[in-house]
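Keep the sequence and the 3D view open, try each task, and then follow the solution.

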Amino acid sequence: MFVSGLPEKRGSHAVDAVLAALEMVEVVKELGARDDSTGWNIRVGLHSGPVVAGVVGIRKFAFNIWGNTVNFAARMESSGVPGRVNMSARTWSLTRGLIDGEARGNIRIKEGREMPMFLAEGPVRELLDGGLDGGIPVRFAARYREEFGEEPRGFPVVKKVKEFTVQAQ
């Protein structure tokens, strides 16, 4: 489990989380493709919303988060597709045209409810043209700044988007 937008709130948390999740999926795929591998695969589920955070423990302290947002993210993961990033409609809406994806339609979750879900494909293809600056596509960085008023903190080193590949210099 990972969290984006804590401890400081960030308007870009959904985009940042999708980029991190896509990179994690790619790393696991690369590790799974090795000759000595057991063929790993992961599912990633993302949901955005408020959480309760705190420290638990008496002798050994641990930071943890709770709440409906955490539970719903777990439903996104368990209802996801192996090797893909599954998002709730809320998270998808917060990516603000920076992330390409496809609608999966309504998917039945554990409790029997049907929820709209989306699969992240990667950064919007058109934003990957125009070269790199510090490992981040120039057009993507410009759109990110325009949308959130801050610099992107990172970008996957190698990211496949459908048939298009961006590689760091």
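Two strands pair if DSSP finds at least two bridges between them. Helices (H or I, at least four residues) and strands (E, at least two) are DSSP runs, numbered from the N terminus. The model is a predicted one, in which local features need pLDDT of at least 70 and side-chain atom pairs count only at pLDDT 80 or more, while totals for chains, interfaces and linings use all residues. Residues are numbered from 1 along each chain as its sequence is written, and side-chain values use heavy atoms, with hydrogens and water left out.

**Exercise 1. The hairpin**

Step 1. Follow the chain through the turn. Five residues lie between the strands of this hairpin, and G57 in the turn has a positive phi of about 115°.

**Exercise 2. Aromatic pairs**

How are the rings of W92 and F118 arranged, and which parts of the chain does the pair tie together?

Step 1. Set the rule: rings of Phe, Tyr and Trp (its six-membered ring) pair if their centres lie within 6.5 Å, and planes under 30 degrees apart count as stacked, over 60 as edge-to-face and the rest as tilted.
Step 2. The structure holds four such aromatic pairs. One of them, W92 with F118, is stacked, at 5.3 Å centre to centre and 10° between the planes.
Step 3. Because W92 lies in helix α3 (residues 89-94) and F118 in strand β6 (residues 114-123), the pair ties together parts 26 residues apart in sequence.
Step 4. Turn to accessibility, where buried means under 20% relative accessible area, exposed over 50% and partly exposed in between (1.4 Å probe, protein chains only). W92 is partly exposed at 24%, whereas F118 is buried at 15%.
Step 5. Now compare F140 and Y144, a tilted pair with 6.2 Å centre to centre and 40° between the planes. These two are four residues apart in helix α4 (residues 138-148), so about one helical turn separates them. F140 is buried, with a relative accessible area of 0%, and Y144 is buried, also with 0%.
Step 6. Extend the view: ring pairs link F140, Y144, F148 and F155 into a cluster.

**Exercise 3. Salt bridges around R84**

Step 1. Apply the rule: a salt bridge is a side-chain nitrogen of Lys or Arg within 4 Å of a carboxyl oxygen of Asp or Glu. The count comes to eight.
Step 2. R84 meets E102 at 3.5 Å, N to O. E102 sits in strand β5 (residues 99-108) and R84 in the loop between α2 and β4 (85-88), 18 residues apart.
Step 3. E102 is partly exposed at 36%, and R84 is partly exposed at 22%.
Step 4. R84 also meets E121, at 2.7 Å, N to O. E121 is in strand β6, 37 residues from R84, and counts as buried at 18%.
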